[in-house]
Amino acid sequence: MAKIPELTRREKLGNVVTLCRSFGRNLAYFRAGWSDEYRHLLEPTNVANGNFWRTVNGNFIDMCVLEWCKLFGEKNGEYYWKNISGDTAGFRTDLLLHLALDQEAFNRQVHVIREYRDKWVAHLDVERTGFRPELEVAKKSVWFYYERMVQQEPDLSGLPIELESGYQQCSDEARSVYLRSR
């Protein structure tokens, strides 16, 4: 079997952008489903199509967690921030300032999200009750990573500097789909 060549820096950066956007899209879809307006679609009392919406919504958070772990939770991963950033000390300092956390608090966030991934997404451990990780810190960290790369990497010039407008578009899209299912 022929050896597959390593990804170029440009390809890795493109994949970082893809992961960040995928995280944002899935988070927007997930949160729209849990809004007060559409939460009833996810309730067990919605016997008409509730199983579908609960499954779809669960898949959105699972994808968020998987994508986030590729960026922040897998130290040996291709897209882990330390393996992409040319200035790891500056990146870490600025990330923690952006998140208003110290390293220990951020490490706890990493642990919680990895635990969800490991116990509920990648495996099904013998746990009686699950939990859903709070993803606001995850969102802010992905937004930071994306913005930092777009601003500093010449190969990414021309891309939008921020993810928020795309996130809002996805949220609006999800709401229109949920609205049709009322």
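Biologist: In which segment is Thr8 found?
Modeller: This is a predicted model, where local features need pLDDT of at least 70 and side-chain atom pairs count only at pLDDT 80 or more, while totals for chains, interfaces and linings use all residues. Residues are numbered from 1 along each chain as its sequence is written, and side-chain values use heavy atoms, without hydrogens and water. Helices are DSSP runs of H or I with at least four residues, numbered from the N terminus. Thr8 is found in the segment before α1.

Biologist: Is Thr8 buried, exposed or partly exposed?
Modeller: The relative accessible area of Thr8 is 42%. Buried means under 20%, exposed over 50%, and partly exposed in between, with a 1.4 Å probe and protein chains only. Thr8 is therefore partly exposed.

Biologist: What separation do the C-alpha atoms of Thr8 and Cys69 have?
Modeller: Thr8 and Cys69 are 61 residues apart along the chain. The separation of their C-alpha atoms is 21 Å.

Biologist: Why is the pair of Tyr29 and Phe60 classed as it is, and what is its class?
Modeller: The ring centres of Tyr29 and Phe60 are 5.2 Å apart. Their planes stand at 55 degrees, so the pair is tilted.

Biologist: Which helices does that pair link, and are Tyr29 and Phe60 buried or exposed?
Modeller: The pair links distant parts of the chain, 31 residues apart: Tyr29 lies in helix α1 (residues 9-33) and Phe60 in helix α2. Tyr29 has a relative accessible area of 14%, so Tyr29 is buried. With a relative accessible area of 16%, Phe60 is likewise buried.

Biologist: What is the class of the pair of Phe91 and Phe144?
Modeller: Phe91 is in helix α4 and Phe144 in helix α6 (residues 136-152), 53 residues apart. Both Phe91 and Phe144 are buried. Their ring centres are 5.1 Å apart and their planes at 75 degrees, so the pair is edge-to-face.

Biologist: Which residues do ring pairs link into a cluster?
Modeller: Phe91 and Phe144 also belong to a cluster that ring pairs link. The cluster is made of Trp68, Phe72, Tyr80, Trp81, Phe91, Phe106, Phe144 and Tyr145.

Biologist: What volume does the largest pocket have?
Modeller: On a 1 Å grid over the protein atoms alone, a pocket is an open set of points where a 1.4 Å probe fits, with protein on both sides within 12 Å along at least five of seven lines; lining residues have an atom within 4 Å of a point. Points are joined across faces, edges and corners, and a volume is the space filled by probe spheres set on them. For the largest pocket, the volume is about 250 Å³.

Biologist: Which element gives the largest share of the lining of the largest pocket?
Modeller: There are 15 lining residues, and the closest to the centre are Arg54, Gly58, Ile61, Tyr116 and Arg132. The elements that give two or more residues are α2 (50-73) and α5 (103-121). The largest share, five residues, comes from α2.

Biologist: Which element gives the most to the lining of the second largest pocket?
Modeller: The second largest pocket has a volume of about 220 Å³. Of its 14 lining residues, Lys75, Tyr80, Gln103, Asn107 and Val110 are the closest to its centre. At least two lining residues each come from α2, α3 (81-84), α4 (88-99) and α5. With five residues, the element that gives the most is α5.

Terms used. Phe/Tyr/Trp six-rings, centres within 6.5 Å; stacked < 30°, edge-to-face > 60°.
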